[in-house]
Amino acid sequence: MKEEHIMQVWGLHNDTLTTELTEENFVSLSWDTISDLSHIPGGREGLKAELARIIPEERRKAIPTWAGMLFRFREEMQIGDIVVAPYKPDSTINIGIISSDYYFDSTAPTHRHRRKVQWKKIGLSRTVFTQPALYEIGSALTLFKVSKHTHEFLAALKTRTEDIEKVTAVVEQAAARNTSEDEVSDEPRASRIERHTRDFVLEVLQERITPRQFEEFSADLLRALGYQARVTAYSQDGGVDVIAHKDPLGVEPPLIKVQCKRMTATIGAPEVQQLIGVQGAGELVVFMTLGTYSRDALALERQRPGLRLITGEDIVSLVLEHYAALPERWRTIMPLTPLLVVADTAS
């Protein structure tokens, strides 16, 4: 009798491929120098032997780790398992269900080791999850088992709504039910500290200020970048929340009209089209949100001169680069300090 498979939750990082993962519904590993894994016998030891044959001498210390990941991807991952896939371009999180056995796509230019996935949640904001859960999926490994915070990712997966606030509430309830005082976070290497800092800034902007204050913050951020900026009247602003310009009087072109959305959901093309509707001749329009943009919205940015779409990750980068120039009001609610941490490359 075949042993019943216990569903696993896997984490998988892919720093090379982007939209093709969700458009073509798969997850993948690179190791493009090794051919179809299904033709390599001998289990884990067989994979080690094949890697030793093709990997240069100076990199062979990593063979046990690499062979382990290839073995897990080929053998241990099963149809019905859950995969949590951080999406590097906009730092969101995708969650799906494995829907095929391992296969080798010989026609693909890279990442030929693949499994099909039925994506259930795409573009979830990192603010949905607790910091310990984010630490766990920040593993330095490409493929790893999620064991400590499976409840959070399963809760997000099972919610039937795309409303980010409702998903967050469900995840918070699951996290509260599974809190352990003995839980220990992984050591704070450089990339982990950087990601934690970025998550903290996002959390402050989403949870500790009002929509009106986000407009005021956006104006102050533009001032920190060297622009003159003023916030428009809160109601009946026609979708323009901030007006910015380079000269002190605002009479020299271009005039910049900014719409601000303090939300982590995905902004679609209709909302961007609405902003384009207020763009006059010679003017620029900017959309600032804590979330991301749909593919159709990003297509509008490529097609429309004078349109700029700013994501939450863009805003965080600007905050970190120009933190000292921000008014004390904002530095007080998001206190940051420079420090030295252990580099990821340290042994």
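**The aromatic cluster**

F214, F217 and W330 are joined into a cluster by ring pairs. A word on the basis: this is a predicted model, local features need pLDDT of at least 70, side-chain atom pairs count only at pLDDT 80 or more, and totals for chains, interfaces and linings use all residues. Residues are numbered from 1 along each chain as its sequence is written, and side-chain values use heavy atoms, with hydrogens and water left out.

There are 6 aromatic pairs in the structure. Rings of Phe, Tyr and Trp (its six-membered ring) pair if their centres lie within 6.5 Å, and planes under 30 degrees apart count as stacked, over 60 as edge-to-face and the rest as tilted. F214 and F217 are a stacked pair, at 6.3 Å centre to centre and 20 degrees between the planes. These two sit 3 residues apart in helix α8 (residues 211-224), so about one helical turn separates them. Helices (H or I, at least four residues) and strands (E, at least two) are DSSP runs, numbered from the N terminus.

F217 is buried at 0% relative accessibility, and F214 is buried with a relative accessible area of 0%. Buried means under 20% relative accessible area, exposed over 50%, partly exposed in between (1.4 Å probe, protein chains only). F217 also pairs with W330: the ring centres are 5.5 Å apart and the planes at 85 degrees, so this pair is edge-to-face. It links distant parts of the chain, with F217 in helix α8 and W330 in helix α12 (residues 328-333), 113 residues apart. W330 is buried too, with a relative accessible area of 1%.

**Charges over rings**

Which ring does the charged end of R114 sit over? That of F26, 4.0 Å from its centre. The charged end of K246 sits over the ring of Y227, 4.3 Å from its centre. The criterion is NZ of Lys or CZ of Arg within 6 Å of the ring centre and within 35 degrees of the ring normal.

**A buried loop residue**

T264 lies in the loop between β10 (256-261) and β11 (266-267). T264 is buried, with a relative accessible area of 4%. Leaving out residues up to four places away in sequence, T264 touches S125, T127, I164, Q206, L290 and G291, where contact means heavy atoms within 4.5 Å.
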